Amino acid sequence: MFRFLFLVLGLVTFLFSADIAIVKKVGGEVFVKRTSTMVPLSVGSQLQKEDIIMTKKASNVGLIFDDGTILSLGENTILSIDDYIFKPEKKEFSFDLNMKKGYASFESGKIGKLAPKSVKFRVPEGIVGIRGTKFYVEVK
Amino acid sequence: MEVVVIVAWIGMLFASLMNTPATTTVVLVDNGKQHNAIVVETKAGSVVIDKVNHYVNLSSSTQKPSEIKSITQAQIDEKFKSVIINAPLKPMSVLLYFENNSNNLTDESLNKLPQIYKEIKARVPADVNIIGHTDTKGSDKINNKLSLKRAMKIKEWLTQKNIDLKNLSVHGYGESDLLVKTADDVSESQNRRVEIFIK
């Protein structure tokens, strides 16, 4: 019964919502570019994969992803969410951010804990990855 | 006057010789946890930063990251102030405990409610997930019901508060997810609980 319920819940989530993050804080003017339209972001707005977030001068935005990752962007920033998969029940994870310019603070959540290698924060010159915080030791 | 100009010029020359132009700076900051590290890589190589308040600069995709340098908290706060000013609060979870075979909170847990209210309020529009649990005393069937009753009790408390919630989910896990592992039919106060996940 429980399992069935989870299945249905999972299916409903899959079919009706591709929302992956929620806007918690906004200062000034912040926009999201989604399928070539620009929409202003406000507190409570939801974000989706492939969204491009842009902040103007003296503006900023703070969001929380489904896995608990906290991302804050400062002024004059452009960042795209290239990929995001958080399906712990299937062990499927992907987190790919791409920052063109600006300021960002990134605090990893469950994906960083469960699959640190799948987290990629791209900048024009390279990639920032997070290190596994879990390890095994054998003492003989 | 001439001297001043020369000094300034030498200063500029030094600056251009010593600093390779950085376009990206990556700083590892404290997250309250012990293990905290990042790998910064370009096509030319990678570097691991595992000390907080240390950073590297990246100047191009074909050059290695700079050597790791330290930075003071004051410098970080200044450089990243436009980010820090609106950072969301961390998601959190709390445990509340219940009296034996009942959906009444223990006095100690009852006293925690005002603080929990504050934490949720500080995170609006909040996402709250309430999960009820029981100990192993009694049948599975009864415990499934009891765990849900406990979770519902917290839900009722919360809905009375009229907080702006983006999402509110309530589940009862019965005795399937014990905090303290026990044999069946054991009364254990630590297992009689509700978990609240606040995001």
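This is a predicted model: local features need pLDDT of at least 70, side-chain atom pairs count only at pLDDT 80 or more; totals for chains, interfaces and linings use all residues.
**Figure 1. What helix 6 of chain B packs against.** Which residues of the helix are the buried ones? Look for Asn143(B), Leu146(B), Ser147(B), Leu148(B), Arg150(B), Ala151(B), Lys153(B), Ile154(B) and Leu158(B).

**Figure 2. Helix 6 of chain B from end to end.** Here's that helix again, covering residues 140-160, which makes 21 residues. From its first C-alpha to its last, helix 6 of chain B reaches 30 Å, close to the 30 Å expected at 1.5 Å a residue. Once you've followed the helix along, check out Asn162(B), which comes after it and has a positive phi, near 55 degrees.

**Figure 3. Where chain A meets chain B.** Now for the place where the two chains touch: 31 residues of chain A are in contact with 29 residues of chain B. On the chain A side, the elements giving two or more residues are strand 1 (19-27), strand 6 (60-65), strand 7 (70-73), strand 10 (104-107) and strand 12 (126-130) of chain A.

Figure 4. Zoom in on strand 12 of chain A and you'll find it paired with strand 2 (residues 38-42) of chain B. The two pair in the antiparallel sense, over four bridges. To get your bearings, find Val128(A), which stands opposite Val40(B) in strand 2 of chain B.

**Figure 5. A walk through chain A.** Chain A has two helices and twelve strands. Starting at the N terminus, the elements run α-β-β-β-β-β-β-β-β-β-β-α-β-β. The chain has 140 residues, and 39% of them count as buried. Among the contacts in chain A with a separation of 6 or more, 48% come from residues 24 or more positions apart.

Figure 6. The mean pLDDT of chain B is 88, with 89% of its residues reaching 70 or more. Confidence is highest in helix 4 (residues 107-110) of chain B, at 97, and lowest in helix 1 (residues 2-18) of chain B, at a mean of 45. Over residues 1-20 of chain B the pLDDT is below 50, and beyond near neighbours in sequence this stretch has one contact in the model. As for the model's overall scores, ipTM is 0.79 and pTM is 0.79.

Note on methods: Residues are numbered from 1 along each chain as its sequence is written. Chains are lettered from A and ligands numbered from 1 in the order in which they are written. Two residues are in contact if their C-beta atoms, placed from the backbone, lie within 7 Å. Two strands pair if DSSP finds at least two bridges between them. A residue is buried if 20 or more other C-beta atoms lie within 10 Å of its own, exposed if 12 or fewer, and partly exposed in between; C-beta atoms are placed from the backbone. The expected span of a helix is 1.5 Å times one less than its number of residues. pLDDT is the predictor's confidence in each residue, from 0 to 100.
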